[in-house]
Amino acid sequence: MWPIDRLQRRADTPSAEAPLILAGRVGNRRVITAACDAARGLGLHVGMPVAKAQALVPDLRIEPADPCADLDALERLALWLLQRIAPIVAVDPPDGVVIDVTGADHLHGGEAALLEMLLGRLTLTGITARLAIADTWGAAHALARHHHGDAPCIAPPGATAAVLAPLPLAALRLAPATVAGLLDLGFVTIGDLIDTPRGPLTRRFGAELCRRLDQALGDAPEPIAPLRPEGLIEVRRSFAEPIGAAETIARYIARLVTELCAALEARGQGARRLDLLCWRVDNRVQTVRVGLATAQRDPARLTRLLTDKIPTIDPGFGIEIMTLTATLAEPLVPRQASSLLEQAPPDIAGLVDLLANRVGARAVYRLSPVASDVPERSVTRVAALSPDQGGGWPGHWPRPSRLLPRPEPIETLALLPDHPPKWIAWRGTRHAVARADGPERIFGEWWKRDAEARAVRDYFRIENEAGQRFWIFRAGDGEDRATGSHRWFMHGIFG
Amino acid sequence: MSDARLTLAALRDRIAHLEGAEGHARKTLAFGVPALDRRLPQGGLALGCLHEVSGGPAGAADGAVAACFAAGIAARLPGPVLWCVTQGDLFAPGLEQAGLPPDRVIYVEAGDDISLLACMEEGLRHGGLGAVVAEVARLSMTASRRLHLAAKTSGTTGLALRRWRDPAQAEDFGQPTAAMTRWRISALPSVPLPVPGVGRARWRVELVRARAGETFEMILEGCDDTGHLGLPADVADRPAAAAGRHAFG
């Protein structure tokens with residue numbers, strides 16, 4: 001679907017009403033190389049002669065296939081992924097991108113969250129994507145293209161063989177002739193191949209078949225050569241003798257950072273994202289990625305961020321090559337230091353970076369007001385270094401210091417419609433209400449949500465005999481059932 | 001008599017010197033309630049130190065009152081505030097009413113207690129913050145000593161808001177830590193108003209443990225919107241308390 005998506009995303013193409021196919025040449029024939037969903041629904045398929053397609057569908061849009069442009073666009077997509085998702089990303093032509101998410105998934109909240117986020121963003125940009133995470137490149141390749149359904153698929157670690165077994169042979173990245181030959185012999189799924197002795201297979205089909213099978217199962221290595229676009233700032237150091245001690249790694253990180261900062265300064269840029277790749281002697285790569293909230297090229301600060309991550313590097317039998325890349329760099333103009341008269345506000349960007357790289361960028365935030373009367377919607381998270389909002393919330397009514405993640409149903413005894421309860425029972429404890437304040441009526445946001453067209457909440461602040469203060473509300477106005485269920489909920493605790 | 005006093009003062013200086021409390025720990029933050037400040041070792045809360053705050057028996061799990069108390073202290077210190085949590089149930093409008101506007105607070109949501117303490121230490125070491133608050137359940141002697149040292153070197157005040165998922169775990173609160181003071185704040189019934197309604201919150205503020213100081217407990221009114229505690233009218237007007245307040249002669 002990649003070539004079709006690429007064309008559909010181009011601004012100058014007419015509306016996507018008419019079915020679209022791409023035409024390319026195979027020998028002397030003009031055949032379909034790609035077809036959009038609408039065209040496939042009309043019975044057109046890849047490999048069909050264009051003349052036949054034109055005869056079948058009269059108002060067909062035909063565009064020339066352009067594999068070079070497709071590849072270029074794919075590389076740009078891979079670069080976008082490299083800057084945002086993980087340090088090792090490579091193009092898997094003709095229509096794939098492979099990402100090594102080892103050690104990068106936790107920054108996005110886990111593998112499932114990563115796939116969901118990625119799928120959402122790709123769909124928004126008009127790309128039909130199929131995603132899969134597996135132990136090996138081969139397995140992920142096969143799952144992404146051949147598993148059933150459109151939902152992203154995550155193969156549990158260590159279960160690669162079981163996941164691959166039901167997939168068809170074409171999933172193994174084999175030459176079409178090999179697949180056809182295997183089908184002739186009665187092999188249908190990868191599972192059939194896994195259980196078959198390798199000797200006769202190799203003699204008949206060559207070494208390629210078993211190599212692909214081993215790569216998919218993880219028995220043979222398949223390193224991913226990371227995409228390094230032109231103009232990327234990268235510094236590199238090879239070691240005559242492999243290094244492994246934490247102190248040695250820290251020392252070389254410091255040297256690499258110094259070189260990188262010099263290169264950044266020459267271009268007037270600062271790094272927003274740094275990737276440290278450690279190539280081990282056993283041909284595996286250990287990656288470290290750090291993100292920065294603002295562009296930086298202060299060697300001490302960058303070194304500190306990277307050395308914090310050394311415990312996550314497993315040097316194995318030793319590291320041969322270390323490369324440091326400023327994957328995302330932004331212009332950084334020198335600013336005038338503050339004057340001597342006024343005291344500079346403390347610079348907390350370094351602290352925010354440190355914390356964000358420790359617990360994840362999403363877990364460091366500030367809260368900012370939203371104009372909404374509904375308490376749980378009146379607060380939103382903004383980036384920790386976002387500019388000051390200036391204002392807070394309207395302070396007419398007291399607000400609790402703790403708000404329950406979701407309102408919890410409570411039992412009460414209360415007079416309708418306007419009286420606070422006499423007692424409440426929450427989490428198995430009964431509190432007699434000694435004093436109460438309210439009701440504070442909050443209407444649903446009918447201008448945003450149809451379901452809240454008539455919804456009402458009546459909030460009460462109550463104090464029990466021990467002095468604990470709670471924020472409770474009744475769904476509904478106490479008279480009209482259409483405004484709410486008239487059930488009571490605990491929503492917060494006052495300090 | 002004066003000899004003994006001189007010796008005592010010399011010994012105190014020597015102890016303070018040994019504790020390395022020369023620089024920052026001399027600075028204090030007064031609560032603005034003379035009855036309370038008078039009973040604190042240096043006339044206020046020592047800055048550049050670690051302090052512990054917990055809720056009373058009923059508030060050990062939610063820590064709502066303790067959070068307000070900590071917010072009130074942080075609000076009166078200059079500079080941004082780092083608030084480390086493991087569960088994000090703080091309600092920022094409520095904190096604003098305790099004096100801490102949203103622009104001043106940076107929240108860090110750590111997955112577990114270990115990374116939470118690491119974040120707190122990082123914040124304390126940085127030096128550019130006004131205060132660091134961390135909602136922590138388990139705080140060992142070693143961890144608290146690290147935090148206290150970090151606070152001392154940078155001069156940033158650390159507030160460990162002790163909060164337990166399960167009130168039974170609160171037994172841990174009896175264990176000693178390196179914190180300068182340990183406060184327990186529990187809610188008290190407010191003074192009945194002449195009309196239906198709820199008055200200003202009243203807290204029982206207990207200083208459970210204090211280095212170089214004496215423990216006490218007193219009844220105070222909760223934080224106002226500038227983070228200041230108040231002395232309840234009925235306590236302030238008592239003859240004994242009034243005698244100590246020169247303003248009212």
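Analyst: Two strands pair if DSSP finds at least two bridges between them. Strands themselves are DSSP runs of E with at least two residues, helices are runs of H or I with at least four, and both are numbered from the N terminus. This is a predicted model, so local features need pLDDT of at least 70 and side-chain atom pairs count only at pLDDT 80 or more, while totals for chains, interfaces and linings use all residues. Residues are numbered from 1 along each chain as its sequence is written, with chains lettered from A and ligands numbered from 1 in the order in which they are written.

Let's take strand S18 (residues 469-475) of chain A. On one side, seven bridges join S17(A) to S18(A), and the two run antiparallel. Four residues sit between these strands in their hairpin, where Gly467(A) takes a positive phi near 100°. Within the pairing, Ile462(A) has Phe470(A) as its bridge partner. S18(A) also pairs with S19(A), again in the antiparallel sense, over five bridges. Phe470(A) turns up here too: its bridge partner in S19(A) is Ile493(A).

How enclosed is S18(A)? Six of its seven residues are buried, so the strand is largely enclosed by the rest of the structure. Buried means that 20 or more other C-beta atoms, placed from the backbone, lie within 10 Å of a residue's own; 12 or fewer makes it exposed, and in between is partly exposed.

Ile472(A) is among the residues with the most contacts inside the largest nonpolar core, which has 121 residues. Such a core is a set of buried Ala, Val, Leu, Ile, Met, Phe, Trp, Tyr and Cys residues joined through C-beta atoms within 7 Å. Helix H3 (residues 64-75) of chain B gives the most to this core, with 11 residues. The core also draws at least three residues from each of domain 3 (233-331) and domain 4 (402-493) of chain A, bounds that come from an automatic or database domain assignment.
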